[in-house]
Amino acid sequence: MNDSGGYKRDAIRVGLLWLALVVVLEVVWFSVEILPRQYAEEARIIDDAFNLLTILGIPVFSFVVAMLIYAALRFRSGGDASQDGPPIKTSTPVVVTWLVVTTALAVFILINPGLVGLAELRANPDADLVIEVEGQRWQWVATYPNGAEVRDELVLPVDTRIKFEVTSVDILHSFWVPGFRTKIDAVPGLTTSVYATPTELGSFAEDSALRLQCAELCGIGHARMVMPVRVVEKAEFQAWMADQLTAEAPAAEGRG
Amino acid sequence: MRPLIRAVVLGLVGYVAGAWLTVAVRGGSPSDDVAVTFGFILGLIGWLMGIGVWNAWAREWFGLPAKPDQATGWQRYLTFNTDHKVIGVQYLVTFITVLLLGGFMALIMRWELANPGQDFLDPDTYNKLMSMHGILMIATAVAGILGAFGNYLVPLMIGARDMAFPRVNAMSFWLIPPVAIGLLSAPLLGSFDSGWTAYPPLSVVNEGGQVLFILAVITFGLSSILGGLNIVTTVATMRAPGMSWGRLPIFVWAAFAASVLSLLITQFFAASLILILLDRAAGTTFFLAEGGGDALLYQHLFWFYSHPAVYIMVLPAFGVMLEIITHLARKPLFAYKVVVAGFWGIVGLSVAVWAHHMFTSGMAESLHAPFMALTEAISIPTGLVFLGALGTLWQGRLQSKTPLWLAFGWLFNFTIGGITGIYLADVATDIHLQDTYFVVAHFHYTIVGGTIFALIAGSYFWFPKITGRMYHERLGKIFAVWLTVGFNLVFIPLFWVGINGMNRRIADYPEFFAGPNAFASVAAYILGAGFLLYAGNLLWSARRGPAADPNPWGARTLEWQLPSPPPEHNFPLLPEVVGHPYDYGIPGSVHVAPMTPEGGEEA
Amino acid sequence: MALSAGAAHERAEALSRPRANRLGLWLFFASETFLFAAFISARFVSSGTYKPEELNQPLALFLTVVLLGSSISAYLAETSIAHGNRQGLIRYLSITILLGLAFLVGVGFEFKEAIEYFPPETIYGSNFLALIGLHGFHVFTGVVALAVVLRLGTKGHFEPDDYWGVEGVVKYWHFVDLAWVVIFPTLYLF
C-alpha cells in the first residue's frame with residue numbers, strides 16, 4: 001500500500017479535491033459582494049487590488065484545506081503508535097516546485113496589484129480642489145479654498161479630484177473615508193496628503209461608509225470622532241461653499 | 001513561601017523608598033512620573049533581592065558564599081529555583097493564567113461591543129481595558145512558548161543538564177511578576193489608554209498609568225533578552241556529544257532562531273519606551289512637534305522591534321507544531337533542512353519589513369514600494385514551514401490525538417492569517433484596511449490561531465512528560481474542535497466589518513455593523529466557555545489522571561527517553577546522539593544510544 | 001571506561017563553562033549594541049547632522065582620552081592577574097575606577113554647561129540628554145562592577161587560572177569605551 005501507485009492515486013484525489021474547492025470558493029467570491037460601495041475612483045483601484053489578491057489567495061487556501069481534509073480522512077492510523085509511515089525525508093522536485101511556485105506568486109502580487117496599484121494611486125499629483133483638514137481631540141475641521149471652516153459635515157463635489165491636506169493640532173489622528181478607501185494619518189507638525197475623486201452621490205445618512213472617521217487611537221472620543229460626508233453635484237457644492245462663509249460668523253462665536 | 005513574602009516586603013519597601021526619596025529631593029507628588037519611575041526601579045531591585053538573587057547570587061559579589069533557598073515539592077515553584085524544568089513550569093502556569101485573564105478582558109469588551117451604542121463601559125474605560133488586554137496577550141505570545149517549552153525542553157532535547165546560566169534563567173522568570181504587578185496596578189494611576197503600541201504623542205500626554213506600562217514593559221523586555229541569551233548560549237555550547245546542528249530537534253532550531261531575534265531587537269522596544277519616558281519625566285521632546293520632535297520616529301523604532309516580535313512569537317509555535325506533527329504522523333520531518341533554512345530566512349527578513357505598519361502614517365512615499373516587496377518576500381520562507389508540515393502529514397500514519405487535532409486547526413488558522421497578511425502588505429489594500437477590524441482579525445489569526453494554538457497544543461503534548469500523568473483524551477479532542485470552531489466563528493465576521501468600514505479600538509460603532517458584532521460576541525462567549533474544559537481537564541488530570549507511560553507517543557527525541565517527570569539534572573549519564581531525531585520508518589535508525597553505563601561517554 | 005554520572009557532568013561543565021561565559025558576554029554586547037544603535041539612529045533621524053556651536057569640544061576630546069586611557073589600565077589589570085600579580089591587579093583596577101569617575105565628573109560638568117545652550121526642550125538637547133545619559137549609566141554600572149571586582153581582588157579572590165570575574169568586567173569596560181568612541185563623533189563631530 002506504500003507503492004508509488006498508491007502515492008499517485010492519493011495525489012490525483014487530493015488534486016481533484018483542491019480543484020473542486022477552488023472552483024466552489026471562486027464562484028462564491030464572484031457571486032457575493034462583500035466590499036462596501038465605491039464612492040470614488042480610488043475605491044475602484046483598491047477594490048481591484050483586493051479582488052485580485054482574493055482570486056489568487058483562494059487556490060493557496062484551498063490547497064492547504066484540501067491537504068488537511070484528505071490527510072484527516074485517508075492517513076489516519078488505527079492508533080498503533082509503533083507503526084511508522086514511509087520514510088520520506090525530502091523530495092527535491094517537490095521542494096523546488098514549491099519554492100518556484102511561492103516565489104512566482106510573491107513576485108506576481110508584488111507587480112500586480114502591488115506596484116501597479118501604487119502607480120495608479122500616484123498617477124496624478126494634480127488636484128481640482130484642495131481642502132485642508134485638521135484633526136483635534138475629538139473633531140475634524142475642514143477648511144475650504146474660500147476660507148470657510150466647517151466642522152459638522154464634509155461636503156464634496158462629485159467627479160472632482162480632491163486633495164486633502166491633513167494635519168493635527170494635538171496628537172495622532174487618521175483621516176479615513178471608508179467609501180473612498182483613502183486613509184492618511186494626521187500627524188502634529190506634519191502635513192500629509194491624500195487624494196479622492198468622488199464618483200457617486202450619497203451621504204452619511206444613507207450609507208455609513210460615507211463618513212470621515214478617525215482611525216488612529218486618540219483617547220476618549222476616538223470612536224465618535226466622525227464627520228459625516230456628503231457628495232453633491234458640482235454646482236450644488238459651489239453654492240454650499242459660498243453659504244458656509246456667511247454662516248461661519250455665528251458658528252465661530254458659539255465655539256468660544 | 002518565605003522567599004516570596006520577603007520579596008513582596010522588600011519590593012514594597014523599595015517602591016516606597018524610591019518614591020519618597022524622589023519627593024524629598026525634588027518635591028512634587030509621589031504619584032508623578034519621576035517618583036513612580038524611581039519607586040519602580042528600587043522596588044524591582046528589592047523584589048529580586050528578596051526572592052533569592054541576594055541569597056543565591058549577589059552574596060558572591062561581596063565575597064560571601066551563596067546560600068540558595070532550599071525548597072521541595074510544590075514550594076519549589078515559589079522560590080528562586082534554578083532547575084530549568086521548574087522554571088518552564090513556572091512560565092507555563094503564569095502565562096496560561098495571564099492568557100485566561102486577558103481572555104476574560106476580551107469577553108468584557110465583546111459584551112460592550114455586542115451592540116452599538118454605549119452599554120456599560122464608557123469609552124475611556126473601554127480604551128484602557130483594550131490596552132490592558134493587548135499588552136497582556138502580547139506578553140503571553142512573546143514569552144509563553146519560549147519561556148515554558150523553551151526552558152523545559154531545550155536542555156532535555158539537546159541532552160544538557162540545565163541551561164547555560166541557570167541563575168540568569170531564574171531571574172528571567174522572577175522579573176515577570178513585577179511586570180504583571182506593574183501593569184495590573186496601572187489603574188491606580190489612571191491606567192493607560194494608548195493600546196499596547198503606546199504611540200506618542202498620546203502616550204506622552206495621557207495619565208500616569210502609562211509610566212507603569214513603560215517600566216513594566218521594559219522589565220519584560222529585560223526578561224526576554226536574558227531568556228534569549230540563555231537559550232542561544234545553551235544551544236551553542238551545551239549540546240550532548242553527537243548532537244550536531246544537523247540533528248537538532250526542530251523545536252530547538254525554532255527556539256534558537258527566535259531567541260537570536262529576541263536577544264537583539266527587544267532593545268529597540270526598550271529604547272523607544274525610554275524615549276517616551278524621557279519625554280514625560282525629563283522634559284525632552286523626541287515625539288512632540290512643539291520642540292521639533294517627530295511622532296513617526298517612535299513608530300520606526302517601535303515596529304523595528306514589534307514586527308520581528310511576531311516572529312519571536314510564531315517561530316517557537318512553528319517548532320512546537322512541527323514536533324507534534326512529526327511525532328504523531330510517525331514520519332520524518334519533511335525537508336528538515338529546508339524548514340530550518342526557512343526559519344533563518346524569516347529571521348533575516350523580519351528586521352527589514354517593519355514599515356509596512358506605516359503605509360498610512362505619513363512617512364516618505366519612497367519607502368512604500370521597498371517595504372511592500374520585502375514584506376511579501378517573507379511569505380516565501382514562511383511557506384517552507386507549511387511545506388514541512390504538509391509534507392510530513394502526507395502519507396503519514398496519523399495518530400488521532402488532541403495535539404494533532406489542534407495542529408490541523410493551527411494549519412487552517414495560520415493559512416488564513418498568512419493570506420490576509422498579504423492584503424496588509426500590499427500598499428493599495430492596506431490604505432483602506434489599516435487600523436480596521438480586518439487588522440484585528442488578521443493578527444488574531446496569526447497570534448491566537450498561530451501561537452496560542454501551539455501553546456495549548458504543546459501543553460497537551462508534553463503534559464504527560466511534565467506531570468507524569470495523562471490528560472483526558474476525549475475531553476481534549478472536544479476542546480480542540482470547540483477552540484478551532486469557536487475561534488473562527490468569532491473572527492471571520494470581524495474581517496467583514498473591517499472591510500466594510502469598522503475601525504479598531506473603538507467602544508462604539510455605526511448601526512450598520514450590529515449584526516456581525518452581535519454574532520462575534522455570542523461566539524466569543526462560547527469560545528470563552530470552552531476554556532473551562534481546557535483548564536478543568538489539565539488541572540484535574542495533573543492531580544488525578546492515570547499515570548502516563550514515559551513515552552506515550554513513541555517519540556524519538558531525547559526528552560521522551562527519560563522518566564516522567566525527568567529527574568533533577570535530567571540525565572543520569574551524558575546521552576550520546578548517534579542519529580537524526582525524526583528517522584521514523586527507517587529500519588535500524590537510532591537517535592540516542594541506549595542510556596546505560598556502557599552507552600555513557602568515554603573519558 | 002564509563003564515567004560516573006556526577007564526574008561526567010562535572011567534566012562537561014568544566015569544559016563548556018568558559019565557552020558559555022564568553023559567548024554569553026558577547027551576546028550581551030551584541031544586544032547592547034542594538035540599544036545604542038536605537039538611540040544613535042534616533043539622534044540622526046530627529047536632528048539630522050545638526051550640531052550646536054556651543055559644544056565644549058576640547059573637554060569632550062579630553063574625556064575621550066581619559067576613557068581610552070582607562071581601557072589600557074583595565075587591560076593591564078587583566079594581564080596582571082593572568083600572571084598572578086595581585087598587586088598589579090589592584091593598582092590598575094584602582095586607576096581604571098578613578099579614570100572612570102573622572103570621566104563621569106567631566107561629563108556631568110559638560111552636561112551642566114551644555115544644558116544652558118540646548119535644553120532638553122529642544123530636539124538636539126533631547127538627544128544629547130538621552131545619549132549622554134545612556135552612556136553615563138553604562139559607565140556608572142561599569143565603575144560599580146569594577147569596584148566589586150576590586151574588593152574581591154583585595155580579599156584574595158581570582159587566580160591566574162580562574163579570573164573570569166575580572167575578564168568579564170574588563171571586557172564590559174572595553175565595550176563601554178567602544179560605545180563612547182561611537183557616541184563621541186555622533187554628538188560632537190557630525
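Predicted model: local features only at pLDDT ≥ 70, side-chain atom pairs only at ≥ 80, totals over all residues.
**Chain pairs.** Next I asked which chains share the most contacts. Two pairs of chains are in contact. Of these, chains A and B share the most contacts.

**Domains of chain B.** I then turned to chain B. Its domain assignment gives domain 1 as residues 1-62 and domain 2 as residues 81-594. I looked up the spacing: the C-alpha centres of the two domains lie 31 Å apart.

**Where the domains meet.** I checked how many residues are in contact here. Domain 1 of chain B puts in 13 residues, and domain 2 of chain B puts in 14. I sorted the domain 1 side by class: ten residues are nonpolar, two are polar and one is charged.

**Helix pair in chain B.** I took helix α2 (residues 33-61) of chain B with helix α5 (residues 166-174) of chain B. They pack at an angle of about 175°. Their axes are 11 Å apart. Angles over 145 degrees count as roughly antiparallel, so α2(B) is roughly antiparallel to α5(B).

**Residues at the helix contact.** I listed both sides. From α2(B) come L48(B), I51(B), V53(B), A56(B) and W57(B). From α5(B) come R167(B), M171(B) and W174(B). By class, I note seven nonpolar residues, no polar ones and one charged.

Technical notes: Residues numbered from 1 in each chain as written. Chains lettered and ligands numbered in written order. Contact = placed C-beta atoms within 7 Å. Domains from an automatic or database assignment. Nonpolar A, V, L, I, M, F, W, Y, C, P; charged D, E, K, R; others polar. Axes fitted to C-alpha atoms, helices over the stretch in contact; angles between N-to-C directions. Helix = DSSP H or I, 4+ residues; strand = E, 2+ residues; numbered from the N terminus. Parallel < 35°, antiparallel > 145°, perpendicular 65-115°, else oblique.
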